[in-house]
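This report describes how one protein chain is put together.

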Amino acid sequence: MDPDTKARSRRMSAFPTCAADIVGEFLEAAVHTILCIRGVYPRVIFRAARKFNAPVRMSIHKDLNTYIAEIVEGAYKSMKMGIVHKLELVIREAKKESIYTVEKYVFEVGAIAKLHLNPREKDKVYEELGNFLIRLMSVDLIRERNKHKDLSFSFQMFTSCHDKALEGHWLMVGPSNDKWESTDKKETTAGSKGGKRELGSRPRRDFPRLNPIHSMTNPFPLTLNLMTPPPSIPS
């Protein structure tokens, strides 16, 4: 176990009512589970576990676990500083020398920098975070892994300021601008004289689709949404 992960584990034991620690633990479980159920990595490297009294999938791959732990540690430091408002787990696919964004899992979190929970609030938060994870494991979000797809992931953090001290604890991989995958196919249609012409891809809307997964409001706001490629514009 790397030093940052050990330190975070000690904090979780010493300060179990700190909201940032609890959200950090939830974030780690959610990232592992998403990478499993969306087929980014083979399911053989994940084991069944329970977090917040909900079923999850946790990686047993040492390098992947270290990378995710570093991501969560960077997010934790930002939440403790009160400067983070959104985190995105981005899944991309490489196709013919291009990289497309196929999904984004967007975590939006309220101000929890100095928030400590009383026993009743802690029980409520644990129940709600369990509901987030149960929703992630629902049938409509789980898919079989396609071995022919070249998938990768990155994590992006949106803050209210830039702090040089965080750079050593934060990792960001992948292109900065999203190029959403198009699901449109080239079509052929009959012309006025019975001939055929290729229409090409239909134009797409500028914005991806937003699919709410779960949200909570008390004792702090937390929302998880899934963003997928833009829909086609009907002809």
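The buried residues of α4 are covered by, among others, α2, β1 (46–51), β2 (54–59), β4 (98–109), β8 (209–216) and β9 (222–228). The buried residues in question are Val125, Glu128, Leu129, Gly130, Phe132, Leu133 and Leu136. The model is a predicted one. Helix α4 has 18 residues, and its first and last C-alpha atoms lie 26 Å apart, close to the 26 Å expected at 1.5 Å a residue.

The chain as a whole has four helices and nine strands. Read from the N terminus, their order is α-α-β-β-α-β-β-α-β-β-β-β-β. Of the 235 residues in the chain, 44% are buried. Among contacts with a separation of 6 or more, 69% are between residues 24 or more positions apart.

## Helix α2 and its contact with α4

Helix α2 (residues 19–37) and helix α4 (residues 119–136) have axes that come within 10 Å and cross at roughly 10°. Angles under 35 degrees count as roughly parallel, so α2 is roughly parallel to α4. On the α2 side the contact is made by Ile22, Glu25, Phe26, Ala29, Ala30, Ile34 and Ile37, and on the α4 side by Lys122, Val125, Tyr126, Leu129, Phe132, Leu133 and Leu136. Sorted by class, this contact between α2 and α4 has 12 nonpolar residues, no polar ones and two charged ones.

Helix α2 is largely enclosed by the rest of the structure, because 18 of its 19 residues are buried. The end C-alpha atoms of α2 are 27 Å apart, which agrees with the 27 Å that its 19 residues should span at 1.5 Å a residue. After α2 comes Gly39, which has a positive phi near 75°.

In soluble globular proteins, nonpolar side chains tend to be buried together. In this chain the largest nonpolar core has 54 residues, and Phe26, Tyr105, Phe107, Leu129 and Leu133 touch the most other members. Helix α2 gives the largest share of this core, 12 residues.

Which residues does Phe26 touch, not counting those up to four places away in sequence? They are Phe52, Phe107, Leu129, Phe132, Leu133 and Leu222.

Leu89 is a residue of strand β3 and counts as buried because its relative accessibility is 0%. Between Leu89 and Tyr105 there are 16 residues in sequence and 5.0 Å in space, taken C-alpha to C-alpha. Apart from neighbours within four places in sequence, Leu89 is in contact with Val31, Ile34, Glu103, Lys104, Tyr105, Phe153, Ser154 and Phe155.

Arg50 is in strand β1. Is Arg50 buried or exposed? Arg50 counts as exposed, because its relative accessibility is 53% and the cut-off for exposed is over 50%. Its contacts, leaving aside neighbours within four places in sequence, are with Pro55 and Val56. Arg50 and Ala29 are 21 residues apart in sequence, and their C-alpha atoms are 9.0 Å apart in space.

Phe52 lies in the loop between β1 and β2. Phe52 is buried, with a relative accessible area of 10%.

## Backbone geometry

Most residues other than glycine have a negative phi, and most peptide bonds are trans.

| Residue | Phi |
|---|---|
| Gly39 | positive, near 75° |
| Phe52 | positive, about 55° |
| Lys96 | positive, about 50° |

Lys96 is found in the loop between β3 (84–95) and β4. Lys96 counts as exposed because its relative accessibility is 83%, whereas Phe52 is buried.

Where is Pro219 placed? Pro219 is in the loop between β8 and β9. The peptide bond that joins Asn218 and Pro219 is cis, with omega about 5°.

How values were computed
Residues numbered from 1 in each chain as written. Predicted model: local features only at pLDDT ≥ 70, side-chain atom pairs only at ≥ 80, totals over all residues. Heavy atoms only, no water. Axes fitted to C-alpha atoms, helices over the stretch in contact; angles between N-to-C directions. Helix = DSSP H or I, 4+ residues; strand = E, 2+ residues; numbered from the N terminus. Parallel < 35°, antiparallel > 145°, perpendicular 65-115°, else oblique. Contact = heavy atoms within 4.5 Å. Nonpolar A, V, L, I, M, F, W, Y, C, P; charged D, E, K, R; others polar. Core = buried A, V, L, I, M, F, W, Y, C linked by side-chain atoms within 4.5 Å. Buried < 20%, exposed > 50% of the residue type's maximum accessible area, 1.4 Å probe, protein only. Expected span 1.5 Å × (residues − 1).
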